[in-house]
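Please examine the sequence and the model shown below.

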Amino acid sequence: MKIILSRKGFDSSAGGKPSIIYNNQFYSIPIPEAGSGVFYKDLIFDEKHNYLEVMRDLGVTFFSEAHLDPDLRKDILPQRHPEWRPIFGQDDKSQSRLSKTFNVEPSDIFLFFGNFQKVIKKSETGFKYSSLSPEYPKDIHVIFGHLQVDEIIDLSKQGERIQDWMKYHPHIKNSNLYHKEHNALYVSKRRFTENETINGSGYFRFSEELILTAPKATKSVWHLPSCFDEKDLKKFGINTTKNVPEKSNKRYIIQPIGRGTQEVFGIDKKSIVDWAIDLITKHGANNDD
């Protein structure tokens, strides 16, 4: 079993704003994609609001359609196909890295991270960005969800089996992606194999354990558990930094590579796998959610 850390959702370079932590729940804003056929106004935020309404309150006013990927929440869209399952697509150099460098296989686990900021709602102003705590910058890098792989569908192969429920996905629907050299879908397991009371994929409930950004640092300076050592990080082109905040608590502090590399690392070291399993068991959605 391998753990792959993958960057997704809005940030300063894609969308221009952070995604949302609201009422201790994560709401990853999918990046824009004209022609996807999935509109922000159709994405369900809560029982009273759609994503577009919330985005407008937060100052995002110039996008219409979304690249809904990874698609982890059944209730984000109405009238889902009865066979729908969480799904994630990747293409181009990132897919080549997943297949050739990381050799992603069934039962491997994606941990998705992104740029997030706390959001509050005031009746007179609608939704607005706020601060999580004085310990952190306003927007932070945080792990927001997971997907354990059940099936990998190589869309570059002619005749690959595509089920009806998958055909809405942008990596199939977008003709510029479909059948390109590197393009694949990762379909989720229904239950997490290490704890079957947990869904195979989903958004986490917010906890400070999920925050990657180090206290008293900029968002791209991370603290990681001590199960990560310098050898692990350098293997994936990540170097430790000497600018260690005082409250490092024996964690490695890293300056991660930029958005150009979406998958930061893929590793099968037992202590790191155990760390990921612990996060999913503590903070993943159970079957009643």
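In this predicted model, the buried residues of helix H2 are covered by several strands, including E1 (3-7), E4 (87-91), E5 (109-122), E8 (183-188) and E12 (263-267). Which residues of H2 are the buried ones? Within this helix, which spans residues 92-101, they are Ser94, Gln95, Ser96 and Leu98.

The chain after H2 deserves attention for its backbone angles. Most residues other than glycine have a negative phi, and most peptide bonds are trans. Asparagine 103, which follows H2, has a positive phi near 50° although the residue is not a glycine. Asparagine 103 is found in the loop between H2 and E5, and it counts as partly exposed because its relative accessibility is 41%. Serine 107 also lies in the loop between H2 and E5. Its phi is positive too, near 85°, and with a relative accessible area of 24% serine 107 is partly exposed. A further point of the backbone concerns the peptide bond from aspartate 69 to proline 70, which is cis, with omega near 0°. Proline 70 has its place in the loop between helix H1 (51-57) and E4.

Which residues does isoleucine 143 contact, once its neighbours within four places in sequence are left aside? They are Leu5, Phe26, Leu111, Phe112, Phe113, Phe204, Leu210, Leu212, Trp275 and Leu279.

Beyond its neighbours within four places in sequence, phenylalanine 228 is in contact with Leu233, Tyr252, Phe265, Ile272 and Trp275.

Aromatic rings are the next topic. The whole structure contains 23 aromatic pairs. In one of them, the ring centres of phenylalanine 10 and phenylalanine 63 are 5.9 Å apart and the planes meet at 75°, so the pair is edge-to-face. Phenylalanine 10 belongs to the loop between E1 and strand E2 (19-22), whereas phenylalanine 63 belongs to the loop between H1 and E4; the pair therefore ties together parts that are 53 residues apart in sequence. Both phenylalanine 10 and phenylalanine 63 are buried.

Another pair is formed by phenylalanine 26 and phenylalanine 206, whose ring centres are 5.8 Å apart and whose planes stand at 70°, so this pair is edge-to-face. Phenylalanine 26 lies in strand E3 (residues 25-27) and phenylalanine 206 in the loop between strand E9 (201-203) and E10, so the pair ties together parts that are 180 residues apart in sequence. Phenylalanine 26 is buried, with a relative accessibility of 2%, and phenylalanine 206, at 15%, is buried as well. Both rings are part of one aromatic cluster, formed by Phe26, Phe88, Phe110, Phe112, Phe116, Phe144, Tyr186, Tyr203 and Phe206.

Lysine 41 lies over the face of phenylalanine 39, at 5.3 Å from the ring centre. The charged end of lysine 121 sits over the ring of phenylalanine 127, 5.5 Å from its centre.

Is serine 201 buried or exposed? It is buried, because its relative accessible area is 6%, under the limit of 20%. The side chain of serine 201 is joined to that of serine 188 by a polar contact of 2.5 Å. With neighbours within four places in sequence left aside, the residues in contact with serine 201 are Leu72, Pro86, His146, Leu147, Gln148, Ser188 and Lys189.

Terms used
Residues are numbered from 1 along each chain as its sequence is written. This is a predicted model: local features need pLDDT of at least 70, side-chain atom pairs count only at pLDDT 80 or more; totals for chains, interfaces and linings use all residues. Side-chain values use heavy atoms; hydrogens and water are left out. Buried means under 20% relative accessible area, exposed over 50%, partly exposed in between (1.4 Å probe, protein chains only). Helices (H or I, at least four residues) and strands (E, at least two) are DSSP runs, numbered from the N terminus. Contact means heavy atoms within 4.5 Å. Rings of Phe, Tyr and Trp (its six-membered ring) pair if their centres lie within 6.5 Å; planes under 30 degrees apart count as stacked, over 60 as edge-to-face and the rest as tilted. A charge sits over a ring if NZ of Lys or CZ of Arg is within 6 Å of the ring centre and within 35 degrees of the ring normal. A polar contact is a pair of N or O atoms within 3.5 Å; within protein, one must be able to donate a hydrogen and the other to accept it, and residues adjacent in sequence count only if both atoms are side-chain atoms.
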